[in-house]
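Biologist: I have a model open and would like to learn how to read it. Can we take the features one at a time?

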Amino acid sequence: MTGLEALQALLENKKVTNSTMTSYYAVVFTPEKDGAPYTRIAWVPIHEADENWVQAWCAGDPFDGSEFLVDDWEIVE
């Protein structure tokens with residue numbers, strides 16, 4: 001899918017990844033749902049999928065907006 005479609009999937013609370021980050025997925029963390037300090041997109045290691053979201057939010061790598069210029073995204077969940 002395109003980067004814009006990946007953004008839309010993130011808005012729908014889905015997890016997405018691309019070919020450069022095969023062992024990570026992108027997810028949106030929100031204060032209302034996850035208890036995060038503020039809303040942000042972060043890369044989270046797939047092996048931490050079942051761990052505490054706030055802990056994963058703090059450890060996740062921040063997103064570089066240019067990553068959405070790549071058109072090889074796929075939905076993880």
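Biologist: Take strand 3. How many of the 6 residues of strand 3 are buried?

Modeller: Start with the terms. Buried means under 20% relative accessible area, exposed means over 50%, and partly exposed lies in between, with a 1.4 Å probe and protein chains only. Helices (H or I, at least four residues) and strands (E, at least two) are DSSP runs, numbered from the N terminus. Now the case: 5 of the 6 residues of strand 3 are buried, so strand 3 is largely enclosed by the rest of the structure. Strand 2 is largely enclosed too, because 5 of its 6 residues are buried.

Biologist: What should I know about the model itself?

Modeller: This is a predicted model; local features need pLDDT of at least 70, side-chain atom pairs count only at pLDDT 80 or more, and totals for chains, interfaces and linings use all residues. Residues are numbered from 1 along each chain as its sequence is written, and side-chain values use heavy atoms, with hydrogens and water left out.

Biologist: In which sense do strand 2 and strand 3 pair?

Modeller: Two strands pair if DSSP finds at least two bridges between them. Here strand 2 and strand 3 run antiparallel, over 6 bridges. Follow two of the partners on screen. Tyr-25 stands opposite Val-44 in strand 3. Phe-29 has Arg-40 of strand 3 as its bridge partner.

Biologist: And the side chains of a strand, which way do they point?

Modeller: In a regular strand the side chains alternate between the two faces of the sheet.

Biologist: Where is Ser-23 placed?

Modeller: Ser-23 sits in the loop between strand 1 and strand 2. Its relative accessibility is 43%, so Ser-23 counts as partly exposed. Now look across the chain. Ser-23 and Pro-45 are 22 residues apart in sequence, yet their C-alpha atoms are 6.1 Å apart in space. A contact means heavy atoms within 4.5 Å. Leaving aside residues up to four places away in sequence, Ser-23 touches Val-44, Pro-45 and Ile-46.

Biologist: How do I read contacts for the whole chain?

Modeller: Look at the sequence separation. Among contacts in the protein chain with a separation of 6 or more, 43% join residues 24 or more positions apart.

Biologist: What is the layout along the sequence?

Modeller: The protein chain has 3 helices and 5 strands. Their order is α-β-β-α-β-α-β-β. Of its 77 residues, 38% are buried.

Biologist: Which residues make up the largest nonpolar core?

Modeller: The general idea first. In soluble globular proteins, nonpolar side chains tend to be buried together. A nonpolar core is a set of buried Ala, Val, Leu, Ile, Met, Phe, Trp, Tyr and Cys residues joined through side-chain atoms within 4.5 Å. The largest one here has 10 residues: Ala-6, Ala-9, Leu-10, Val-16, Met-21, Ala-26, Val-28, Trp-43, Phe-68 and Trp-73. Helix 1 gives the most, with 3 residues. A second, separate core has 5 residues, including Tyr-25, Val-27, Ala-42 and Val-44.

Biologist: How many aromatic pairs are there?

Modeller: A pair of aromatic rings is described by the distance of the centres and the angle of the planes. Rings of Phe, Tyr and Trp (its six-membered ring) pair if their centres lie within 6.5 Å; planes under 30 degrees apart count as stacked, over 60 as edge-to-face and the rest as tilted. The count is 2 aromatic pairs. Trp-43 and Trp-73 are stacked, with 6.0 Å from centre to centre and 5 degrees between the planes. This pair links distant parts of the chain, 30 residues apart: Trp-43 in strand 3 (residues 40-45) and Trp-73 in the loop between strand 4 (61-62) and strand 5 (74-75).

Biologist: Why is the pair of Phe-68 and Trp-73 called stacked?

Modeller: The ring centres of Phe-68 and Trp-73 are 5.3 Å apart and the planes are at 15 degrees, so the pair is stacked. Trp-43, Phe-68 and Trp-73 form one aromatic cluster. Trp-43 and Trp-73 are both buried, and Phe-68 is buried as well.

Biologist: Which side chains meet in a salt bridge?

Modeller: A salt bridge is a side-chain nitrogen of Lys or Arg within 4 Å of a carboxyl oxygen of Asp or Glu. The count is 1 salt bridge. Glu-12 and Lys-14 meet there, at 3.3 Å from N to O. Glu-12 counts as partly exposed because its relative accessibility is 42%. Lys-14, at 31%, also counts as partly exposed.

Biologist: What is the phi of Asn-13?

Modeller: Asn-13 has a positive phi of about 65 degrees, although it is not a glycine. Asn-13 lies in the loop between helix 1 and strand 1 (16-17). At 53% relative accessibility, Asn-13 counts as exposed.
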